[in-house]
Amino acid sequence: MRKGYLGIDIGSISTKGVILDEENNILESLYIWTEGNPIKAVKRLLKELKEQLDEDVEIYGIGTTGSARKLIGLMVDANIVKNEITAHAVGTTHFYPNVKTILEIGGQDSKIILLNDSIITDYAMNTLCAAGTGAFLSSQAKRLGVEINDFGMLALKSRNPVKIAARCTVFAESDLIHKAQVGYPKEDIIAGLCRSVVLNYLNNVGKGKKIEKPIIFQGGVSKNEGVVKYFREILNADVIVDSNSHLMGAIGIALLAHSHEDGKKRTLNIADISFETKGRECDKCSNHCEILRIYKDHTFIESWGSKCGKIS
Amino acid sequence: MDKVTIGIPRALHYYYYGTLWTSFLEELGFRVLVSPKTTKDILTSGCNLSNDEMCLSLKIYFGHVYTLESKCDYILVPRIDNYGVTEQTCTNFLGLFDMVQNFITTPLLTYNIDEAHQKHEMNEFIKLGLSLGKGKEQSKLAYIHSFKKWLKENKIRKKEESKKLNSQKIKILLVSHPYNIEDPYIGSEILKLLKNMNVEVIMAEAFISREGNKKALELSPNLYWKYNKELIGTIPLLQKQIDGILYVSSFPCALDSLVNELMLRKIKMPHLNLIVDEESGSAGMETRLESFIDILYEKREKAR
Amino acid sequence: MKKEKKLGSITFPQMGDYAIPANFLLSHILHNKIIVPKKITSRTIELGTKYSPEFVCTPFKYTLGTLLEGLENGANILIQAGGGCRYGYYAELQEQILKDLGYDFKFYNLVVAGHTDVKRIYHMMKEIDPKFHVLKGIYYLLITKQMIKYMDDIDHYIRGNIGFEVEKGSFLKLKEEMLKNFSKVNNPLKLHYLYRKYKKKFKEIKINKPNDVLKIGIIGELYTVMEPYSNYELEKELASMHIEVKRFTNVYYLLFEKHKKIKQYLKNTKKYITYQMGADAADNIGRAKELCLDRYDGIIHIKSSFCTPEISAMPIISKVCNDYHVPVIFFSFDSNTSEVGIKTRLEAFYDMLLMRRKL
């Protein structure tokens with residue numbers, strides 16, 4: 001029997017799972033779309049991971065991170081639930097102990113983490129604007145009739161990226177339509193978009209942060225060669241993209257699940273358990289809290305969302 | 001030996017006191033270097049130096065300060081807090097000196113207007129002269145001369161602007177801080193568009209008067225912001241001679257957000273409120289201006 | 001014969017627990033009916049936001065919302081306080097907005113352009129209630145002042161210890177009881193007695209507080225700091241992470257200590273600033289330095305979106321914290337800030353502080 005540790009990173013767009021062995025080597029990994037339903041996505045994720053996994057591996061720790069970390073943590077009986085900033089930092093420093101800057105652009109948010117000796121010293125997360133995130137790039141790719149996977153390669157072909165107002169999705173979009181109407185070549189527009197993502201990121205999340213080498217770029221968008229190119233160009237520095245860059249959060253939380261092992265064995269067989277959430281608006285006061293009640297196997301286990309704490 | 005050069009950022013209070021400063025410093029024998037008109041680069045460096053939530057006008061100011069860095073011996077960054085308890089300025093003007101100090105290495109020249117605490121303009125200018133190694137009398141005279149010159153300039157401006165009131169065209173009163181409407185990246189585009197639409201634009205800033213300030217207090221008794229008071233005071237003075245009012249402010253101007261909203265509610269006459277940020281495209285602006293002007297024309301037709 | 005006018009019903013904007021002393025004062029010195037503002041809820045904010053200009057700072061929306069709810073509950077006299085930034089101008093625009101909505105009421109603004117005029121306030125009170133008596137007014141004003149001082153003092157102790165209570169909820173339960181009893185007093189001696197009694201009771205609450213707890217200082221814009229709903233119950237959240245919290249801004253500070261303390265702050269931060277920057281901006285720079293020197297683990301700066309004085313102070317606060325190597329995190333709250341986002345960033349901040357401890 002071998003011990004394994006599962007890390008699950010549930011983002012708004014994609015769900016990532018990684019299983020590590022006792023030496024923290026990656027045994028299995030999987031990347032699937034969340035499709036707006038984290039519960040369903042994680043059930044599928046675990047099912048497929050189990051099929052891939054050698055039979056003699058048993059799971060002794062599960063960690064969850066990402067925007068649905070709490071809910072999924074309950075569902076899979078996680079021994080650790082951590083925010084994605086910490087998870088990303090832990091994952092990255094495992095492979096690159098002297099990393100100074102982590103740039104991360106995901107589906108719906110982006111962050112920057114500064115470290116020193118594997119310790120987070122500063123970080124920032126975008127709060128307001130969706131321009132320059134994966135979701136924005138996908139929607140623009142669709143608008144231009146380009147596969148998102150070809151997006152980066154097309155961008156590299158451009159010699160003359162168009163300038164696109166990068167501050168805000170609304171402006172960027174109207175600017176983009178305008179540029180397309182005027183007749184700029186597609187690759188120049190795509191390159192312009194990639195460039196605007198970088199500029200927007202640096203102006204927004206990266207503002208006032210001292211970006212020092214070594215720099216690592218991760219998150220879904222790090223798979224886009226165009227964006228990587230402009231990061232290198234604008235920062236005038238090497239920007240490392242790990243082949244597992246999209247899995248760093250999941251790896252980080254798996255590592256944490258390992259270090260917080262509680263001796264309890266866990267199962268990947270959750271496809272058949274019933275896990276439901278029921279939302280309702282509480283009408284006891286004018287706060288009208290959205291109460292979310294969580295049921296596992298038809299028994300109520302927890303509720304969230306009550307501001308006064310008296311309602312469950 | 002080269003003359004000592006003093007840099008002045010062409011932004012914010014430059015549009016009120018530019019003449020006063022230039023004349024004062026030149027009379028004392030200094031070379032004055034005013035930063036060039038706002039360009040895309042100035043705006044970009046300003047944005048990089050500022051916090052996202054700062055108003056566009058302040059971001060532009062930072063950009064101007066930055067272009068002067070190491071091009072002069074001093075940069076003039078005054079702190080203008082108030083001209084009395086009920087004549088306050090914007091909090092950005094209070095913090096300006098300290099904010100700039102935070103990112104610039106060129107030494108700053110400053111003076112502090114805080115009349116609520118007996119810091120008056122003349123004395124502060126004398127102190128400024130003294131700090132530059134000039135005599136007290138000399139500085140005082142330079143101030144008085146410059147002040148007179150400044151007054152005269154404003155008078156001429158008002159006279160010129162008043163002529164427009166006789167025009168037969170559609171007349172719009174443009175209510176906007178001069179540092180916004182006169183800045184190439186905030187107001188110039190609007191002025192250009194209006195010019196093409198063949199309307200007469202009356203600049204409220206040229207009609208500032210004591211009488212207007214009194215009228216402003218009838219509209220808003222508690223208004224304690226000097227520059228806004230001066231601007232809205234022109235509305236009741238000119239209301240009968242104009243067809244509509246155009247408010248232009250920079251995003252997200254703290255004072256305009258309240259005062260202009262109150263005016264929109266209180267002054268019953270056609271109006272348009274434009275808020276400019278660094279991404280405002282002229283396309284959207286043009287449509288809004290056009291439809292506004294159309295309304296004014298229609299109203300005039302009906303009145304006939 | 002002159003017919004006696006019916007007295008109006010008074011309401012005022014909500015802010016933290018301070019509705020209690022405000023109600024105490026008004027109900028003792030005036031014969032009018034007082035409509036105590038209810039605790040802020042999501043409906044309050046929806047209402048306030050709906051009728052506010054878009055880019056106004058958030059406290060405008062919050063206070064407008066509470067005033068609207070007061071009007072709905074039958075108030076026809078509104079009292080606003082004003083302050084040292086654009087808060088001072090809220091009243092005029094709010095009055096117009098509410099009038100445009102068709103409400104009939106009188107609006108009184110206590111502080112104009114950051115200044116209070118005793119004579120003006122006297123006339124105001126006389127207008128609200130012709131039977132208003134000055135001496136009675138002063139007497140209860142003094143008790144109220146004391147009450148605020150005691151409340152703020154107890155709160156200070158609570159913040160430092162609530163994260164370590166053994167029995168969950170014991171601090172807040174006792175506080176509720178204390179406030180209830182405070183509002184019933186009618187002489188300063190009784191108030192003082194209650195204060196001593198509750199202070200002792202609070203100290204008796206069992207806590208489990210190790211020596212090396214994480215300590216965080218909260219600074220920022222005053223309304224957001226003092227109204228828990230507007231800061232997404234930040235203090236509660238920190239308490240649940242077992243953190244000792246220090247916060248400076250309270251009503252007693254603003255009314256009675258600020259004018260003295262600000263000089264000291266300016267003196268201590270000479271290296272960073274020369275002048276005041278409006279509202280509490282300079283205070284917060286001074287506090288940041290104080291927290292750094294007192295070896296706090298981290299600083300949280302909170303404000304409502306578009307609060308200009310704090311925006312001016314932020315780069316300088318960053319610089320101070322950078323010089324002293326103390327992490328600082330900035331939150332800018334808006335009526336549609338994502339609560340999940342706040343929690344994530346807060347948790348990461350906590351993790352970071354813990355990691356730094358290990359260095």
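This is a predicted model: local features need pLDDT of at least 70, side-chain atom pairs count only at pLDDT 80 or more; totals for chains, interfaces and linings use all residues.
Reader: Which helix gives the most to the side of chain C that touches chain B?
Author: In the contact between these chains, 34 residues of chain C meet 29 residues of chain B. Two helices of chain C, α4 (87-100) and α13 (308-324), each supply at least two residues of the side that touches chain B. By class, that side of chain C has 19 nonpolar, eleven polar and four charged residues. The helix that gives the most to it, with eight residues, is α13(C).

Reader: How are α7(A) and α8(A) oriented to each other?
Author: Helix α7 (residues 186-204) of chain A and helix α8 (residues 225-235) of chain A have axes that come within 8 Å and cross at roughly 55°. Angles of 65 to 115 degrees count as roughly perpendicular and those under 35 degrees as roughly parallel, and α7(A) and α8(A) are therefore oblique to each other.

Reader: How many nonpolar residues are there in the contact of α7(A) with α8(A)?
Author: From α7(A), residues including Ile190(A), Val198(A) and Leu202(A) meet residues of α8(A), among them Val227(A), Phe231(A) and Ile234(A). The contact also holds one polar and one charged residue, and the nonpolar residues number ten.

Reader: Within what arc do the buried residues of α4(A) fall, seen down its axis?
Author: In helix α4 (residues 134-144) of chain A, the residues Gly134(A), Phe136(A), Leu137(A) and Gln140(A) are buried. Seen down the helix axis, these buried residues line one face of α4(A), because they fall within an arc of 160°.

Terms used
Residues are numbered from 1 along each chain as its sequence is written. Chains are lettered from A and ligands numbered from 1 in the order in which they are written. Two residues are in contact if their C-beta atoms, placed from the backbone, lie within 7 Å. Helices (H or I, at least four residues) and strands (E, at least two) are DSSP runs, numbered from the N terminus. Ala, Val, Leu, Ile, Met, Phe, Trp, Tyr, Cys and Pro count as nonpolar, Asp, Glu, Lys and Arg as charged, and the others, Gly among them, as polar. Axes are lines fitted to C-alpha atoms, for helices over the stretch in contact, and angles run from 0 to 180 degrees between N-to-C directions. Angles under 35 degrees count as roughly parallel, over 145 as roughly antiparallel, 65 to 115 as roughly perpendicular and the rest as oblique. A residue is buried if 20 or more other C-beta atoms lie within 10 Å of its own, exposed if 12 or fewer, and partly exposed in between; C-beta atoms are placed from the backbone. The arc is that of the directions from the helix axis to the C-beta atoms.
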